[in-house]
Amino acid sequence: MPNRKEVTVSELRLDAVSKSFGGLHAVSNIDLVAPQGSITGLIGPNGAGKTTIINLITGTLRISSGRVFLDDVELTTAEPDVIARRGVSRTFQNIRLLPEASVLDNVIIGFHRHERSSVVAGLLGLPSSLRETRALRQRGMEILKRFRIERFADAAAGSLAYGHQRRVEMARAVAAQPRILLLDEPVAGMNDVEADELGDLYEELAASGIGLLMIEHNVRFVTRMCTRIYAMASGKMIAAGPPGEVLKDPNVIAAYLGDRYAKG
Ligand SMILES: Nc1ncnc2c1ncn2[C@@H]1O[C@H](COP(=O)(O)OP(=O)(O)O)[C@@H](O)[C@H]1O
Ligand SMILES: [Mg+2]
């Protein structure tokens, strides 16, 4: 691979990534690094291009130009399932669970990156896979315990309160044993207590070696959680650094004020 950079820290890296939709430059020339074992923030007003960045990293959208690496492995043109198997998991801005399926089954689906056949067979109830199914259920329960939602294991995921559904979604993403976890507005609509409880879980995940890249509007939360944040506006990177610096940056303040005025 030409121009491969030497990597000392394990990390997700975007080099000059751009994405156009027809004439709209949704994302322009974005450089970004999310190291494993720490929490990186991505902020910016609505329409800044944040979700598009996640869709480009996961392969949901094709990159127009630029490159994406996980350590020294290039993911730029990889298919979404390959990117997932390499260790990139995500949650969605709008929660996407199987609402009728149990909480435990929703999490077990997250294992499929490693054990597709047995999970599918297990969910179909094939007798040959009963033992694996039991083992998977046990591992699923362990993850539910980690997220403190084991009491909901048999409940339909869609019947849970919003904050708990967020946890199920996180548990499913973690079941895939990610190296990098992409979180799109994970605490939107939560109060400070609920957000901080989830924040404790994010810190545990980071301490276990996972790299978190978190899109989030909640300034208090971002300041608490992130060692470094990136700020985007109109598809461009306008600031990067420690939260205390970035949130004081005049360009960042202007971008958010503009957004507020634009909304009236
Ligand atoms: N699939 C798409 N097709 C066309 N335009 C899109 C698509 N996805 C996003 N956009 C546009 O790209 C810009 C950035 O959107 P998005 O990444 O969702 O912003 P954010 O998550 O920061 O609010 C917006 O102008 C949005 O309308
Ligand atoms: Mg978004």
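User: What lies 2.8 Å from an oxygen atom of ligand 1?
Analyst: A polar side-chain atom of K50 does. Keep in mind that this is a predicted model.

User: Ok. How far is the side chain of T51 from an oxygen atom of ligand 1?
Analyst: An N or O atom in the T51 side chain is 2.9 Å from an oxygen atom of ligand 1. The backbone takes part as well: a polar backbone atom of A48 is 3.2 Å from a ligand 1 oxygen.

User: And how much of ligand 1 does the protein cover?
Analyst: On its own, ligand 1 has 560 Å² of accessible area, and the protein covers 60% of that.

User: Which elements give two or more residues to the shell around ligand 1?
Analyst: Those are strand 2 (24-35) and helix 1 (50-57). Helix 1 gives the largest share, three residues.

User: Which residues surround ligand 1?
Analyst: Among them are F21, L24 and A26, and also P45, N46, G47 and G49. The shell divides into five nonpolar residues, five polar ones and one charged.

User: Switching to the magnesium ion. What are its protein donors?
Analyst: T51, through OG1, and Q93, through OE1. They lie 2.1 to 2.4 Å from the ion, which is ligand 2.

User: Where in the chain do T51 and Q93 sit?
Analyst: T51 is in helix 1, while Q93 is in the loop between strand 6 (88-90) and helix 3 (103-109). The two are 42 residues apart, so the pair links distant parts of the chain.

User: New topic, helix 6. How does its span compare with what it should be?
Analyst: It agrees. Helix 6 has 14 residues, 162-175, and at 1.5 Å a residue they should span 20 Å; the end C-alpha atoms are 20 Å apart.

User: Is helix 6 largely enclosed or open, and why?
Analyst: Largely enclosed by the rest of the structure, because twelve of its 14 residues are buried. Buried here means under 20% relative accessible area.

User: Which residues of helix 6 are buried?
Analyst: They include G163, V168, M170 and V174, and also R166, R167, E169 and R172.

User: What happens just after helix 6?
Analyst: Q177 takes a positive phi there, of about 50°.

Technical notes: Residues numbered from 1 in each chain as written. Chains lettered and ligands numbered in written order. Predicted model: local features only at pLDDT ≥ 70, side-chain atom pairs only at ≥ 80, totals over all residues. Heavy atoms only, no water. Near = heavy atom within 4 Å. Polar contact = N/O pair within 3.5 Å; in protein donor to acceptor, adjacent residues only side chain to side chain. Areas by Shrake-Rupley, 256 points an atom, 1.4 Å probe, with all protein chains shown as cover. Helix = DSSP H or I, 4+ residues; strand = E, 2+ residues; numbered from the N terminus. Nonpolar A, V, L, I, M, F, W, Y, C, P; charged D, E, K, R; others polar. Donors = N, O, S within 2.8 Å, 3.2 Å for Na, K, Ca; no water. Buried < 20%, exposed > 50% of the residue type's maximum accessible area, 1.4 Å probe, protein only. Expected span 1.5 Å × (residues − 1).
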